[in-house]
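Hi,

Here is the structure for you to look over. My notes on it follow below.

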Amino acid sequence: MSRDRAIEPRSVQIGMGVVSGLVLLFLYVPLFVIMLYAFNPARSQSWPLPGLSTRWFVATWNNLDVRTALLTSIKAGLGATTIALILGSLAAFAVHRFRFFGREAVSFLLILPLALPGIVTGMALNSTINLGGQLIGISFSLWTIIIGHATFCVVVVYNNVIARLRRTATSLVEASYDLGADGLQTFRYVVLPNIATALMAGGLLAFALSFDEIIVTNFTSGSEITLPKWIFNNLRLPNQRPVVNVVASVLLIVSLIPVYIAQRLTQESGGLLSAGRGAIPAAIEDAGEQPAAP
């Protein structure tokens with residue numbers, strides 16, 4: 001069969017292309033509309049737009065509540081990403097390197113939080129924080145937001161790191177020990193360079209998930225306001241609608257950039273990209289196919 005000969009008829013290819021284009025339009029036209037309204041000079045949302053202006057971008061930047069919410073979101077994202085990188089990497093090493101009773105169950109339980117509905121996770125965390133407040137004085141704060149976000153960010157890092165470890169030859173580690181390197185040197189010069197892009201991709205994805213999380217945040221934030229929560233609280237206020245459009249546009253761009261970079265890193269290094277709750281079934285299936293530890 002010639003290389004340029006297609007298996008499907010030409011009509012099928014054209015039809016699939018049209019369907020793919022319609023699906024992309026269905027997904028991205030609403031986002032484009034929001035970004036277009038961010039440049040609307042009028043306060044009301046009407047079509048066609050009377051013109052284009054950046055007045056609401058200036059008003060948004062001068063809004064102290066928005067700047068405070070942005071700073072809170074950045075702090076929560078960095079904190080959750082740090083915890084996720086540490087716990088997710090350690091869990092990936094433990095599951096990949098050692099054989100122990102219930103290893104497959106542990107792997108499944110590590111991945112499961114990403115598959116659970118966000119409202120279930122939020123309710124569980126809210127009840128736990130309230131119980132902790134009664135027992136040891138825990139109160140809702142930025143730290144409870146970070147802990148709540150870390151519960152699903154750990155999964156993202158774990159998926160990426162363990163996928164990379166499965167693609168790394170164990171003979172490299174054995175060769176390092178044979179040449180006289182200790183555990184720390186082996187990790188620094190052999191293991192870390194091989195998983196560096198997986199850690200970076202997992203960290204970027206974890207930050208993106210934390211930065212735009214709203215459901216878990218509502219249950220764990222108390223009086224703290226993150227950027228998504230600020231949008232949720234002000235969306236129904238007509239006077240705040242132009243500023244909300246600007247904030248939503250900026251939030252969209254900030255969320256897409258780390259996801260795009262993570263995807264590029266993953267494609268270049270042959271790792272596993274798992275950025276959302278919809279990607280979890282394949283990850284759960286893959287968790288039961290782990291190779292035996294050396």
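What does the accessible surface of the protein chain come to, and what share of it belongs to carbon and sulfur atoms? The surface comes to about 16,700 Å², and 68% of it belongs to carbon and sulfur atoms. Accessible areas here come from the Shrake-Rupley method with a 1.4 Å probe; for residues, only the protein chains shown count as cover.

First, the ground rules. This is a predicted model: local features need pLDDT of at least 70, side-chain atom pairs count only at pLDDT 80 or more, and totals for chains, interfaces and linings use all residues. Residues are numbered from 1 along each chain as its sequence is written, and side-chain values use heavy atoms, with hydrogens and water left out.

**Overall**

The protein chain has 12 helices and zero strands. Helices (H or I, at least four residues) and strands (E, at least two) are DSSP runs, numbered from the N terminus. Of the 294 residues, 35% are buried. Buried means under 20% relative accessible area, exposed over 50%, partly exposed in between (1.4 Å probe, protein chains only). Contact means heavy atoms within 4.5 Å. Among contacts with a separation of 6 or more, 72% join residues 24 or more positions apart.

**Asn-63 and helix α3**

Asn-63 sits in the loop between α2 (55-61) and α3 (64-97). Asn-63 counts as buried because its relative accessibility is 17%. At the start of α3, a side-chain oxygen of Asn-63 comes to within 3.0 Å of the backbone nitrogen of Asp-65.

α3 itself has 34 residues. From first C-alpha to last, α3 reaches 49 Å, close to the 50 Å expected at 1.5 Å a residue. The expected span is 1.5 Å times one less than the number of residues.

Thr-81 is in α3. Thr-81 counts as buried because its relative accessibility is 9%. Leaving aside neighbours within four places in sequence, Thr-81 contacts Gly-203, Ala-206 and Phe-207. The C-alpha atoms of Thr-81 and Leu-204 are separated by 8.0 Å, though the two residues are 123 residues apart along the chain.

**Ser-249 and helix α11**

Ser-249 lies in α11 (residues 241-269). Ser-249 is buried because its relative accessible area is 5%. The Ser-249 side chain reaches the backbone oxygen of Asn-245 at 2.8 Å. Beyond its neighbours within four places in sequence, Ser-249 contacts Ile-34, Met-35 and Ala-38.

**The largest pocket**

The largest pocket holds about 520 Å³ of space. Of its 18 lining residues, the closest to the centre are Ala-208, Asp-212, Leu-251, Leu-252 and Ser-255. Two or more lining residues come from each of α1 (10-37), α8 (183-211), α10 (227-234) and α11. α11 gives the most, with six residues.

On terms: using a 1 Å grid over the protein atoms alone, a pocket is an open set of points where a 1.4 Å probe fits, with protein on both sides within 12 Å along at least five of seven lines; lining residues have an atom within 4 Å of a point. Grid points are joined across faces, edges and corners, and the volume is the space filled by probe spheres set on the points.

Best wishes

Methods
A polar contact is a pair of N or O atoms within 3.5 Å; within protein, one must be able to donate a hydrogen and the other to accept it, and residues adjacent in sequence count only if both atoms are side-chain atoms.
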